[in-house]
Amino acid sequence: MHASWVEAALIGGGAIVGWYATHRWRVSGAPAPRGPSSDYLEGLNYLVNEQPDRAVEAFLRAVAVDRDTVETQFALGALFRRRGEVDRAIRVHQNLIARETLEPAFREQASYALAQDYLRAGLYDRAEKLLLELAEGGTYRIAALKDLSSIYELERDWDKAIAIHHKLARIGRTDHPTAIAHYHCEIAEAALAAGELDRAEQHLDMARAEQKRFPRAMLLAADLAIVRKDPADAVRLLRSVPLQSPQLAGEVLPRLVRALTAAGREADLAALLGDLAGDGKDVADAIAHAAILAGALSAPALLALARDYVGREPAVAETVAALLPEGVPDEATLRRLCAALRRQALRAPRFRCGNCGFSAASFFWQCPGCKSWDTLKPLTPSDLAGRPPGAAR
Ligand SMILES: [Zn+2]
C-alpha cells in the first residue's frame, strides 16, 4: 500500500481538521468538543501503520458511536476519496452539508470537499456549480478559481477559462501567466481551421496584448498570413521565433518552407537559415535536430546544418568519432547517419516536460501530465543517452 495517500489522508483529513476544529471552538468561546473517540484514534493509528482497511472500519465505528464528530467525518470523507471510493466520500460530505447546525466555516469546507469528490468522479458540471459559489469569496476562493480553471481547460471552454484567469490575475494568484495567451491562441487556431480569419486575428492580437512577442501567436499569425496570401509577412514572423525559443524549431521549419514555397522564394532558404544559425549554436542545432527528425534534408542548407550538428551534439559526435575518426566523409554517409538518428529518435519519446518529466511522442503546448504550459522540450540524443548538456566530447 502506498504511503502517500495515507499521509495525505492523515494530514489533510484528520490531524489538521481535528486541530482546526478544536482551536476554532476554543477561539469562538463555544463549549470545547469532547476529545476524539478511541475508535477515531485507533483509525488514525491504523492509517499510520498503513492498514487502511482496518482504519476505515475503525472510522466507521467512530462515526456510528458519535455522529456529531465533524472532524471524523472529514477524515473519513478524505480517506474514501483517496481510496477511490468516491460515492462514499460524496455521501459523507453531503450528509455534513445537510446538517442544519453545521458552522458556516465547516459548511464551506464540506462544499469544497464535495467539489473535490465530484472532480475525482469526473462529474464536472456538479463540481463547477459548487466551485462557482465558493469562488465568490471566502477561504476557498482561490482554490475554487484554480479548480474552475482546470475544468474549463479540460473541457476546452476557452472563453470561460479566460474569464477565470482575469479573476485570478486581479488577485495576483495565477500559477501560469502565459496560460491566457494560450487560451486566445486555442480560439484563434480553431477559428483559423474554420476559415474565420478575422476572429483568428482578433484573438491573436489579444494573445499578443497579454504576452508580448508570444511565440505561439507568432506561429499562428504566420499561418494566417500564408492563408491570406502574404507569405512575406509569414517569413518575417517566423524569422523571429527561433531566436526567442530555439526549442520551437520543429514548429518553425515546416512553416518556413511552406511560406518560402508560397512566395516562390525557395532559393532564399539557405540565406535565411544561415542568418538564423548565425545567431548562435543553440538555434543552429535546434533547426538541424528538427530537420533530421522531420527527414527534411533535401535543401543543401539544411544538410550543412546537419553536418555541423552531428559533429557537435555530444552523444552523436562520440559515436561519429569512434567510427569515422576523420569525420563524416561524404554526403551519402551523412544522409545515412541522419536517417539512423531519425529512426532512433522515432522509437523513443521526442519531448519531455521540464516540470514533471512527462514524456511524449508529439509536441503539446500544455503538458498532459502536470497541465503546465510551455514546459515540453525536444529531447536531444544526449538527453536520451542521459548525458548532461555540454558534456565532454
Ligand atoms: Zn508536466
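The model is predicted. The protein chain contains 20 helices and 3 strands, and 39% of its 393 residues count as buried. Among contacts in the protein chain with a separation of 6 or more, 50% are between residues 24 or more positions apart.

**Nonpolar core**

- The largest nonpolar core has 97 residues, of which Ala222, Ile287, Ala291, Leu305 and Ala306 touch the most other members.
- This core lies between domain 1 (3-121) and domain 2 (179-384), because both domains give residues to it.

**Helix 15 with helix 16**

- Helix 15 (residues 269-277) packs with helix 16 (residues 281-294) at an angle of about 135°, and their axes are 7 Å apart.
- Helix 15 and helix 16 are therefore oblique to each other.
- On the side of helix 15, the contact involves Leu273, Leu276 and Ala277, which meet Val283, Ala284 and Ile287 of helix 16.
- Sorted by class, the residues of this contact are 6 nonpolar, with no polar and no charged residues.

**Helix 17 with helix 19**

- The axes of helix 17 (residues 300-312) and helix 19 (residues 331-347) cross at roughly 70° and come within 11 Å.
- Helix 17 and helix 19 are therefore roughly perpendicular to each other.
- Leu303, Ala306, Arg307 and Val310 of helix 17 meet Glu331, Leu334, Leu337 and Cys338 of helix 19.
- The contact of helix 17 with helix 19 comprises 6 nonpolar, no polar and 2 charged residues.

**Residues with positive phi**

- Most residues other than glycine have a negative phi.
- Arginine 213 has a positive phi, near 50°, although arginine 213 is a residue other than glycine.
- The loop between helix 11 (197-210) and helix 12 (215-227) holds arginine 213.
- Arginine 213 counts as exposed because it has 11 C-beta neighbours inside 10 Å, and the limit for an exposed residue is 12 or fewer.
- Lysine 371 likewise has a positive phi, in this case near 65°.
- Lysine 371 is located in the loop between strand 2 (359-360) and strand 3 (376-378).
- Lysine 371 is partly exposed, because 19 other C-beta atoms lie within 10 Å, whereas a buried residue has 20 or more.

**Glutamate 210**

- Glutamate 210 is placed in helix 11.
- Glutamate 210 counts as buried because it has 21 C-beta neighbours inside 10 Å, where the cut-off is 20 or more.
- Glutamate 210 and threonine 178 are 32 residues apart in sequence, and their C-alpha atoms are 7.9 Å apart in space.

Notes:
Residues are numbered from 1 along each chain as its sequence is written. This is a predicted model: local features need pLDDT of at least 70, side-chain atom pairs count only at pLDDT 80 or more; totals for chains, interfaces and linings use all residues. Axes are lines fitted to C-alpha atoms, for helices over the stretch in contact, and angles run from 0 to 180 degrees between N-to-C directions. Helices (H or I, at least four residues) and strands (E, at least two) are DSSP runs, numbered from the N terminus. Angles under 35 degrees count as roughly parallel, over 145 as roughly antiparallel, 65 to 115 as roughly perpendicular and the rest as oblique. Two residues are in contact if their C-beta atoms, placed from the backbone, lie within 7 Å. Ala, Val, Leu, Ile, Met, Phe, Trp, Tyr, Cys and Pro count as nonpolar, Asp, Glu, Lys and Arg as charged, and the others, Gly among them, as polar. A nonpolar core is a set of buried Ala, Val, Leu, Ile, Met, Phe, Trp, Tyr and Cys residues joined through C-beta atoms within 7 Å. Domain bounds come from an automatic or database domain assignment.
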